[in-house]
Amino acid sequence: MLAALGLGPAEEEIYRLLVARGRADVQELAVRSGHPESATRDILTALAGRGLVVPQTAEGAATVFVAAPPAVALGGELRRRRDELSAAEHAVLTLAEQHRSGAEGGAVEVIGDVDAVRHRFRQLQESARHEVRSMMVPEQTVVSRDDNTAEEGGIDRGVLYRTILHRDALTEPGMVTQALAVLGAGQQVRVADAVPVKLMIADHDLAMLPLYSGRNTAAASVLVHAGGLLDALVAYFELAWEHAYPLSPHTAGDGIVEQRPDGIDEFDARMLALVLAGLTDQAVGARLGVSRRTVQRRIGELMARAGAESRIQLGWHAARRGWA
């Protein structure tokens with residue numbers, strides 16, 4: 001554990017033995033550590049040179065070594081390493097600014113290699129301190145959700161993920177289950193009828209989106225650094241977020257409550273959430289294991305119950321009553 005302070009494994013072992021025993025001679029330390037006496041003596045000499053141990057020799061007696069107090073002996077080195085890390089952090093920030101300034105167009109960086117795209121995609125999430133905003137579209141994936149370990153790490157650090165899904169993405173195998181898992185981890189997901197571009201934004205520092213529009217599967221991507229263009233992307237995301245439909249944990253999955261407090265059962269809650277998220281009646285029925293006619297009948301019953309004349313009105317009533 002002291003390797004960060006420049007101690008090798010053998011040096012740390014000998015120093016720990018001395019700290020535990022208070023004092024010992026070369027022979028005793030060699031026996032306890034399993035190192036040859038010559039090697040143990042060399043290690044003690046090196047530790048003494050760094051002020052970690054102090055040799056004490058009495059007239060006519062063998063030299064014994066005493067461990068210097070760790071807070072004193074290692075405190076200075078610890079402070080020095082902290083100062084070096086702080087200076088390195090400042091240097092990285094300076095280099096990042098120089099890199100941004102030197103990139104083509106100043107605020108924009110184009111990446112064409114697929115491995116580089118994946119690397120920067122991970123870096124973008126790892127750099128986030130507070131929030132990651134993202135938009136997801138169907139059939140445009142360079143890094144699969146299973147391979148996106150940076151997202152899990154970000155969630156563990158307390159980073160908030162807000163995601164807008166194109167409604168067609170919910171029809172992809174396993175997507176609803178994955179969305180529910182994210183919701184269960186305290187993240188936020190909304191669904192929109194139209195998501196024109198795949199996008200990810202880390203805080204107010206960096207954004208990443210495909211170089212090519214539409215469903216072109218080329219890996220080439222654009223990195224947008226802090227500036228006016230990034231501010232515009234953030235504003236666009238927030239506008240789209242306000243108009244998107246919140247995905248609810250009741251969207252799918254096995255409910256453990258058969259009757260909700262407001263009287264709507266768990267099946268209707270899941271069905272309604274899927275319908276309002278934009279899935280077709282056929283897709284909703286397939287998801288829930290019922291026919292399209294059953295979905296239409298149950299939706300008609302909910303409309304009558306809410307006094308709604310259209311599904312749009314039903315959505316308003318559902319939000320007001322907490323049905324979905």
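Biologist: Is Ser33 buried or exposed?
Modeller: Keep in mind that this is a predicted model. Ser33 sits in helix α2, residues 26–33. Its relative accessible area is 12%. The cut-off for buried is under 20%, so Ser33 is buried.

Biologist: Which backbone oxygen lies 2.7 Å from a polar atom of the Ser33 side chain?
Modeller: The Ser33 side chain has a polar atom 3.3 Å from a backbone nitrogen, that of His35. The oxygen in question, at 2.7 Å, belongs to Leu29.

Biologist: Which residues does Ser33 touch, not counting those up to four places away in sequence?
Modeller: Contact here means heavy atoms within 4.5 Å. With residues up to four places away set aside, the list for Ser33 is Glu13, Ile14, Leu17 and Thr40.

Biologist: Now Arg129. Is Arg129 buried or exposed?
Modeller: Arg129 is found in a loop, between α6 (114–127) and β5 (131–136). Exposed starts at over 50% relative accessible area. Arg129 has 53%, so it counts as exposed.

Biologist: With which side chain does the side chain of Arg129 make a polar contact?
Modeller: Beyond four places in sequence, Arg129 touches Val159, Asp203 and Asp205. The polar contact is side chain to side chain, at 3.3 Å. The partner is Asp205.

Biologist: What separates the C-alpha atoms of Arg129 and Gly154?
Modeller: Along the chain, Arg129 and Gly154 are 25 residues apart.

Biologist: Why does Ala169 count as buried?
Modeller: Ala169 is placed in the loop between β6 (160–166) and α8 (175–184). Apart from neighbours within four places in sequence, Ala169 contacts Pro138 and Met175. Buried needs a relative accessible area under 20%. Ala169 counts as buried because its relative accessibility is 1%.

Biologist: What is the relative accessibility of His166?
Modeller: His166 is in strand β6. Its contacts beyond four places in sequence include Met136, Pro138, Ala192 and Val195. His166 counts as buried, with a relative accessibility of 12%.

Biologist: How do α10 and α12 lie relative to each other, parallel or perpendicular?
Modeller: Their axes are 11 Å apart, at an angle of about 95 degrees. Angles of 65 to 115 degrees count as roughly perpendicular. α10 and α12 are therefore roughly perpendicular.

Biologist: How many nonpolar residues are in the contact of α10 with α12?
Modeller: On the α10 side are Phe267, Asp268, Met271, Leu272 and Val275; on the α12 side are Val295, Arg298, Ile299 and Leu302. Two of the residues are charged and none is polar. The nonpolar count is seven.

Biologist: And at what angle do α11 and α12 pack?
Modeller: The axes of α11 and α12 are 8 Å apart, and the angle is about 105 degrees. That makes α11 roughly perpendicular to α12. Asp281, Gln282, Val284 and Gly285 of α11 meet Arg292, Val295 and Gln296 of α12. So the class is set by the angle, about 105 degrees.

Biologist: Last one. What percentage of the residues in the protein chain is buried?
Modeller: The protein chain has 13 helices and 11 strands. Of its contacts between residues at least 6 apart in sequence, 64% join residues at least 24 apart. Among the 324 residues, the buried share is 41%.

How values were computed. Residues numbered from 1 in each chain as written. Predicted model: local features only at pLDDT ≥ 70, side-chain atom pairs only at ≥ 80, totals over all residues. Heavy atoms only, no water. Helix = DSSP H or I, 4+ residues; strand = E, 2+ residues; numbered from the N terminus. Buried < 20%, exposed > 50% of the residue type's maximum accessible area, 1.4 Å probe, protein only. Polar contact = N/O pair within 3.5 Å; in protein donor to acceptor, adjacent residues only side chain to side chain. Axes fitted to C-alpha atoms, helices over the stretch in contact; angles between N-to-C directions. Parallel < 35°, antiparallel > 145°, perpendicular 65-115°, else oblique. Nonpolar A, V, L, I, M, F, W, Y, C, P; charged D, E, K, R; others polar.
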